[in-house]
Amino acid sequence: MRSYDVIIVGGGPAGLAAAIAAKKEGVDNILMIERDDRLGGILNQCIHNGFGLHTFKEELTGPEYAQRFIDQAAELNVEYKLNTIVVDISKDKVVTTMNRNEGMVQYQAKAVVLAMGCRERPRGALNIPGYRPAGIYSAGTAQRLVNMEGYMPGKKCVILGSGDIGLIMARRMTFEGADVQVVAEVMPYSGGLKRNIVQCLDDFDIPLKLSHTVIDIEGKDRLTGVTIAEVGPDRKPIPGTEEHYDCDTLLLSVGLIPENELSKQAEVEMSRITNGPLVDESLETNVEGIFACGNVLHVHDLVDYVSEEATAAGKNAAKYVKDRYGAEAGKAGKVIEIKAVDGARYTVPTTIHLDNMEDKLTVRFRVGAVFKNSYIGVYFNDERKQHRKRPVMAPGEMEQIILKKKDLEAFEGLETITVKIEAE
């Protein structure tokens with residue numbers, strides 16, 4: 001069994017950034033494993049621009065953004081395997097892989113970085129009545145067909161869900177000559193970024209119907225039409241609000257699910273809210289030496305934040321290898337819990353080992369509804385320490401707070417930090 005210091009599962013934006021950071025931290029014996037036939041992950045099919053504004057201070061397409069990191073990894077001679085599937089990760093960090101050339105191979109890692117990304121929620125999770133005709137795609141599948149394989153999913157299109165991929169595909173299908181009739185969203189707010197609503201729907205006069213969902217699918221061999229209806233606060237259709245659309249294509253953009261089957265096999269503790277691992281300030285899970293970053297941890301709105309987070313995970317994995325297998329190390333000392341309440345849905349991380357924390361820590365979270373002219377409140381135990389006004393907060397966009405180590409050390413008896421949304 002071959003051994004590596006750090007094994008990174010996934011060669012997308014998170015895996016690439018983690019590998020580069022680990023290498024720069026001084027750990028050379030690294031392996032990145034990618035199931036696709038090229039590095040870059042989902043960015044390869046995201047040919048629209050808007051990437052890299054935070055990281056590179058310029059606007060790039062997805063493939064351009066990915067290529068910057070692929071080039072860096074090549075310069076650093078990061079070892080990677082393509083067309084290779086990880087089938088198991090054990091608690092003691094034995095990674096089992098399979099590919100056509102080598103068959104099944106096991107590697108022993110000192111540290112593992114989970115960077116598997118996420119997948120789309122399928123139609124089966126929605127309980128929409130009707131047959132299973134051709135013409136129903138997840139938005140990401142349609143994006144791959146159009147952008148990478150040169151196939152057109154259909155000519156008359158309805159989109160269910162206003163996640164970012166659905167919004168972007170409304171514009172993309174319009175560019176390719178399709179008639180995008182409507183985007184329906186079951187929630188009373190959009191799940192995507194505000195800029196995507198403006199640039200992809202408003203600019204092309206595509207209507208967005210909030211609090212609406214598809215209640216019927218027509219057609220047996222090929223989709224012929226859908227019926228949408230308004231839903232009440234209980235998300236059940238309101239009789240009398242039905243609208244019929246003739247269409248041959250229905251795209252589903254109804255949420256993303258972190259790809260965590262391997263994490264569960266390694267006995268990583270999961271969050272019921274994000275469906276990703278619970279991590280500490282180093283992005284380390286409850287299993288010592290297993291780190292998580294990117295969309296496998298929680299679904300991000302911007303790839304720039306994925307890269308930033310993955311850089312921290314790769315750096316901390318390398319430090320773990322050097323400390324754990326060099327000088328004495330460990331995470332003894334004070335542990336502080338971070339809680340999300342009153343409008344804040346979750347936080348990443350959920351715990352802080354104060355001795356191990358760097359001078360500043362970015363805590364990211366999402367809100368559970370749309371809040372206007374509200375405040376982000378941060379409490380040390382029961383004492384409010386931060387109170388920052390935000391004109392608009394929406395579930396489609398991540399929020400963040402910055403914690404300083406010196407403030408945490410100065411607060412006597414600190415046990416919990418609470419993040420909440422307040423009216424004043």
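This is a predicted model: local features need pLDDT of at least 70, side-chain atom pairs count only at pLDDT 80 or more; totals for chains, interfaces and linings use all residues.
Five strands make up an open sheet, and their order across it is 20-18-25-22-23. The pairing within this sheet is mixed. At the edges stand strand 20, residues 351–353, and strand 23, residues 383–393. Each of these two has a single partner strand, so one side of each is left without a neighbour in the sheet. As for the geometry, neighbouring strands here are turned against each other by 20° on average, with direction ignored.

Within that order, I would draw your attention to strands 18 and 25. Strand 18 spans residues 335–341 and strand 25 spans residues 416–422. In which sense do these two strands pair? They pair in the parallel sense, over five bridges.

I turn now to the cysteines. How many disulfides does the count give? The count is zero, with the sulfur atoms of a pair required to lie within 2.5 Å. Consider Cys-46, which takes part in no disulfide. The cysteine sulfur nearest to Cys-46 belongs to Cys-118, at 10 Å. Cys-46 is also buried, with a relative accessible area of 9%.

Cys-293 likewise has Cys-118 as the residue with the closest cysteine sulfur. The separation is 13 Å, which is too far for a bond. Is Cys-293 buried or exposed? Cys-293 counts as buried, because its relative accessibility is 0%.

Technical notes: Residues are numbered from 1 along each chain as its sequence is written. Side-chain values use heavy atoms; hydrogens and water are left out. Two strands pair if DSSP finds at least two bridges between them. Helices (H or I, at least four residues) and strands (E, at least two) are DSSP runs, numbered from the N terminus. Axes are lines fitted to C-alpha atoms, for helices over the stretch in contact, and angles run from 0 to 180 degrees between N-to-C directions. Buried means under 20% relative accessible area, exposed over 50%, partly exposed in between (1.4 Å probe, protein chains only).
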